[in-house]
Amino acid sequence: LFNKLLRKFTSSWGYMGLIILSLLLIKITFLIYRYHLPLWDESVYIGIGKFLWSFGDKGLWEPIRPIGLPILFGFLWKVGLGTTQVYDSLIFLFVVGNVILLFLITKHLLNEKIALISSVALSITPVFFFNSLKILTGIPASFFLLFSIYLYLKRFNLILVGVVASLSFIMRFPAGIII
């Protein structure tokens, strides 16, 4: 029984669990011990969400910004969960999704060992880590971009692949290159 548990824990999925757990602990530490004062861009996305869901009564509007993330933030605000901690937690879910999707794509294309190494490399990359602490569009857009690549590699319906790729576009306009 011990050998069976040890093999399961030392499999790639066990290591992925450790990566996700360590990311979660880091994120919880930042949520507890650091006050997140939203920067201008973060505030604008939150304000656009309020503008959309209040039909122009609250918030602000900047027509140059993509509306994917503001739609999510506005919905959370409308149901009473409009705090920076909730928005940070939503971005964290996209971070975990990015790490898992990169693992799955690399495992499909290469092998499990390289997939694990690439997931670790992604999770400790300073740019990725820095952006995972911000309420911006890069992490959600890369999630939908990776998800569309995964669906394409797994031979899903091309319409579904296009819909998911277009979600990456409405999160961040340059991500539309995947379409």
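**Helix pairs and their contacts**

Mentor: Bear in mind that this is a predicted model. Helix α8, residues 138-153, and helix α9, residues 158-171, have axes that come within 8 Å and cross at roughly 165 degrees.

Trainee: What does that angle make α8 relative to α9, roughly parallel or roughly antiparallel?
Mentor: Roughly antiparallel, because the angle is over 145 degrees, the cut-off for that description. The crossing of α8 and α9 is left-handed.

Trainee: Which residues meet there?
Mentor: From α8 the contact takes in Pro140, Ala141, Phe144, Leu145, Phe147, Ser148, Leu151 and Tyr152, and these meet Leu158, Leu160, Val161, Val164, Ala165, Leu167, Ser168 and Met171 of α9. Sorted by class, the residues of this contact are 14 nonpolar and two polar, with no charged ones.

Trainee: Which residues of α8 are buried?
Mentor: The buried ones are Ile139, Pro140, Ala141, Phe143, Phe144, Leu146, Ser148, Tyr150 and Leu151, and the buried residues of α8 pack against α4 (68-78), α5 (84-109) and α7 (126-132) as well as α9.

Trainee: Switching topic, at what angle do α5 and α6 pack?
Mentor: Helix α6 covers residues 112-124, and it packs with α5 at an angle of about 150 degrees, the axes being 8 Å apart. That angle makes α5 roughly antiparallel to α6, and the crossing is right-handed.

Trainee: And which residues meet in that contact?
Mentor: On the α5 side they are Asn98, Val99, Leu102, Phe103, Thr106 and Lys107, which meet Glu112, Ile114, Ala115, Leu116, Ser118, Ser119, Leu122 and Ser123 in α6. By class, the contact of α5 with α6 holds seven nonpolar, five polar and two charged residues.

Trainee: What does Leu102 touch, neighbours within four places in sequence left aside?
Mentor: Leu102, which is found in α5, is then in contact with Ser118, Ser119, Leu122 and Leu146.

Trainee: How far is Leu102 from Pro38, in sequence and in space?
Mentor: Leu102 and Pro38 are 64 residues apart in sequence, and their C-alpha atoms lie 28 Å apart in space.

How values were computed. Residues are numbered from 1 along each chain as its sequence is written. This is a predicted model: local features need pLDDT of at least 70, side-chain atom pairs count only at pLDDT 80 or more; totals for chains, interfaces and linings use all residues. Side-chain values use heavy atoms; hydrogens and water are left out. Axes are lines fitted to C-alpha atoms, for helices over the stretch in contact, and angles run from 0 to 180 degrees between N-to-C directions. Helices (H or I, at least four residues) and strands (E, at least two) are DSSP runs, numbered from the N terminus. Angles under 35 degrees count as roughly parallel, over 145 as roughly antiparallel, 65 to 115 as roughly perpendicular and the rest as oblique. A crossing is left-handed if the near helix is turned anticlockwise from the far one by less than a right angle, and right-handed if clockwise. Contact means heavy atoms within 4.5 Å. Ala, Val, Leu, Ile, Met, Phe, Trp, Tyr, Cys and Pro count as nonpolar, Asp, Glu, Lys and Arg as charged, and the others, Gly among them, as polar. Buried means under 20% relative accessible area, exposed over 50%, partly exposed in between (1.4 Å probe, protein chains only).
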